[in-house]
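Here is a short briefing on one protein chain. Please keep the sequence and the 3D view open as you read.

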Amino acid sequence: MKIRFPLYAKILAWGAINLLALVAAGWWFSGGQFPPSLDSLMAGRAGDRIQATVNVISDEIRANPEDQWDGILKRFEAAYHVNFYLFDNHNGTQLAGDTVTLPAAVHARLVERPQSPTVPLEGPHPPPPPGVDDMNPPPPPAGMEPPPPGGGANPPLNLPPPGGRTRFLIHTSNPSRYWVIVRIPSVRPGPGPGPAGRPAPASIITVADTVSAGGLFFNPMPLVLMCIGAVVFSALLWLPLVSGITRTIKRLTGATEQIAEGRFEVRVSDARRDELGALGVAINQMAARLEGFVGGQKRFLGDIAHELCSPLARAQMALSILEQNGGPDDQTAITDVREEIELMSNLVNELLSFSKAAIGAKIKLQAVPLRPLVEKASARESGNGAQVKIAVPETLQAMAEPELLLRSVANLVRNALHYAGEAGPVVISAAQADGKIALSVADSGPGVPPEALAQVFDPFYRVDPSRARETGGVGLGLAIVKTCVESCGGTVTARNREPSGLEVTITLNAA
């Protein structure tokens with residue numbers, strides 16, 4: 001079974017592919033000029049967020065004795081679900097936190113010397129970066145109160161020293177970890193490598209398993225919501241255009257399907273001023289031309305058949321006179337001529353029936369009891385009805401024109417008896433469902449080739465193209481059935497039965 005994708009989904013998918021291609025091309029171009037780096041994440045809001053958190057941690061550490069530093073880091077680890085470590089930048093000595101062995105890349109970045117001197121503890125601190133309140137970092141989960149900035153005799157050190165880079169993001173593998181190093185002024189005034197009175201700076205290292213760190217490093221939700229919003233906005237923006245196109249295409253498709261079924265009176269709206277509007281105009285013109293051609297053809301057949309009736313009647317009358325006056329030696333030839341005239345007369349009658357059903361006046365539908373009509377058609381075509389089995393409930397009634405429906409059923413019974421009468425009985429059945437009545441005539445004969453099922457209702461079509469007298473009529477029987485049933489507002493279909501046989505089903509509205 002083939003999966004059908006709506007046109008709207010295809011347009012949106014193609015637009016998404018186009019957008020992704022543009023993004024990929026831009027990424028490739030910028031990647032050639034500006035190599036990407038994880039440190040770039042630390043330059044925006046993510047860096048400001050981790051910086052504000054580190055400021056709070058460093059202030060609390062400076063406000064408490066050294067034997068409480070591990071507890072402070074543990075408390076923040078429980079709040080943010082990441083690991084915090086405190087290291088001395090001078091020699092890479094761990095000052096607080098669970099014992100950890102730093103990867104080589106992280107250790108090298110930790111002890112890397114900044115390009116500018118460290119700012120002393122005394123004196124005013126530079127203002128915080130725009131949009132960041134270092135006194136109000138991201139709040140920890142409920143149950144943990146953020147510590148007050150600073151405390152005791154030590155003033156708060158809210159910002160790292162200026163000059164050089166102060167935040168780094170490093171990714172290591174086996175196992176995959178993300179390490180964020182934030183440089184801060186020393187948390188203790190011990191002697192350092194610099195001038196007297198200048199303590200060595202320290203760093204707080206934050207370690208997480210993912211680059212988002214639960215939103216502390218990087219919060220993907222704004223980006224996800226932005227992408228979803230962009231998709232929704234694009235879908236709503238394109239909806240009027242695409243829905244208008246799909247509605248028009250659906251109407252055009254429905255009209256062409258009806259035209260293919262022979263309903264040439266159908267028309268479509270041609271109000272659009274684009275290619276679809278031009279297509280609608282072309283479909284209307286095609287339907288009008290086909291209606292004229294087919295209608296003229298049917299009228300021509302009717303006129304020819306009507307004109308042939310008079311000479312055939314005169315020929316039959318002359319043949320009767322010749323039969324009475326002819327001698328015994330002439331009777332064989334007269335009989336042959338009579339058979340040919342009867343065949344010609346049957347053909348003319350079929351043509352008249354077809355043309356009358358096709359171009360007749362308006363049909364007035366009425367409730368028709370199916371059981372008596374089926375019995376009448378069966379008796380007409382099979383004599384005593386021994387070859388036909390009827391399985392039609394007495395209560396079923398269909399909306400139809402009685403004479404047209406009778407002619408349809410009689411033609412189906414005649415066709416089944418002619419081609420499959422010796423293979424078994426012909427079964428006529430009917431059932432009602434969903435306000436429709438399905439009346440079927442089925443036989444057990446050889447059926448028809450599958451490729452011929454769509455053509456058996458075409459005028460003059462025969463499975464056997466030889467059109468010999470021994471193999472059947474002229475191919476108008478099922479064409480008359482189709483025309484009569486459609487005149488009653490119904491449809492007719494044919495299918496091959498298993499293991500053999502042909503079943504023709506007439507579908508009408510229930511009375």
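In which order do the five strands of the antiparallel open sheet stand? The order is β2-β1-β5-β4-β3. The model is a predicted one. Its chain holds ten helices and twelve strands.

**Chain overview**

- The chain has 511 residues, and 36% of them count as buried.
- Its accessible surface is about 29700 Å². Carbon and sulfur atoms account for 60% of that surface.
- Take the contacts in the chain with a separation of 6 or more: 67% of them are between residues 24 or more positions apart.

**The antiparallel sheet**

- Five strands make up this open sheet, in the order β2-β1-β5-β4-β3.
- Its edges are β2 (94-96) and β3 (167-172). Each has a single partner strand, so one side of each lacks a neighbour in the sheet.
- On average, neighbouring strands here are turned by 30 degrees against each other, direction ignored.
- Strand β1 (residues 83-88) runs antiparallel to β2, and two bridges join them.
- Within this pair, L86 faces A96 of β2.
- Helix α2 (residues 45-62) packs on the sheet. It touches β1, β3, β4 (177-184) and β5 (202-208). The direction of α2 makes about 60 degrees with that of β4.
- Helix α3 (residues 69-80) also packs on the sheet, touching β1 and β2. The direction of α3 makes about 145 degrees with that of β1.

**The mixed sheet**

- Another open sheet has five strands, in the order β7-β9-β10-β12-β11. Its pairing is mixed.
- The edge strands are β7 (388-391) and β11 (491-496), and each pairs on one side only.
- From one strand to the next, the twist averages 20 degrees.
- Strands β10 (residues 436-442) and β12 (residues 502-509) run antiparallel and are joined by seven bridges.
- L439 stands opposite I506 of β12.
- Helix α10 (residues 477-487) lies across β11 and β12. It runs at about 140 degrees to β11.

**Salt bridges**

- How many salt bridges does the structure hold? There are twelve.
- One of them pairs D98 with K74, with the closest N and O atoms 2.5 Å apart.
- This pair links distant parts of the chain, 24 residues apart. D98 is in the loop between β2 and α4 (104-110), and K74 is in helix α3.
- D98 has 36% relative accessibility and counts as partly exposed. K74 also counts as partly exposed, at 42%.
- The side chains of D209 and R177 form another salt bridge, at 3.2 Å from N to O.
- D209 and R177 are 32 residues apart and link distant parts of the chain. D209 is in the loop between β5 and α5, while R177 is in strand β4.
- Is D209 buried or exposed? D209 is exposed, because its relative accessible area of 52% lies over the 50% cut-off.
- R272 counts as partly exposed at 28% relative accessibility. D274 is partly exposed as well, at 29%.
- R371, E375 and E394 form one network, joined by salt bridges that share partners.

**A nonpolar surface patch**

- Which residues make the nonpolar surface patch of about 620 Å²? They are M221, V224, L225, I228, V232, L236 and L239.
- M221 is placed in helix α5 (residues 221-260).
- M221 has a relative accessibility of 44%, so it counts as partly exposed.

Notes. Residues numbered from 1 in each chain as written. Predicted model: local features only at pLDDT ≥ 70, side-chain atom pairs only at ≥ 80, totals over all residues. Heavy atoms only, no water. Helix = DSSP H or I, 4+ residues; strand = E, 2+ residues; numbered from the N terminus. Buried < 20%, exposed > 50% of the residue type's maximum accessible area, 1.4 Å probe, protein only. Contact = heavy atoms within 4.5 Å. Areas by Shrake-Rupley, 256 points an atom, 1.4 Å probe, with all protein chains shown as cover. Pairing = 2+ DSSP bridges. Axes fitted to C-alpha atoms, helices over the stretch in contact; angles between N-to-C directions. Patch = residues over 30% accessible without salt bridge, like charges linked within 9 Å, V, L, I, M, F, W, Y side chains within 5 Å. Salt bridge = Lys/Arg side-chain N within 4 Å of Asp/Glu carboxyl O.
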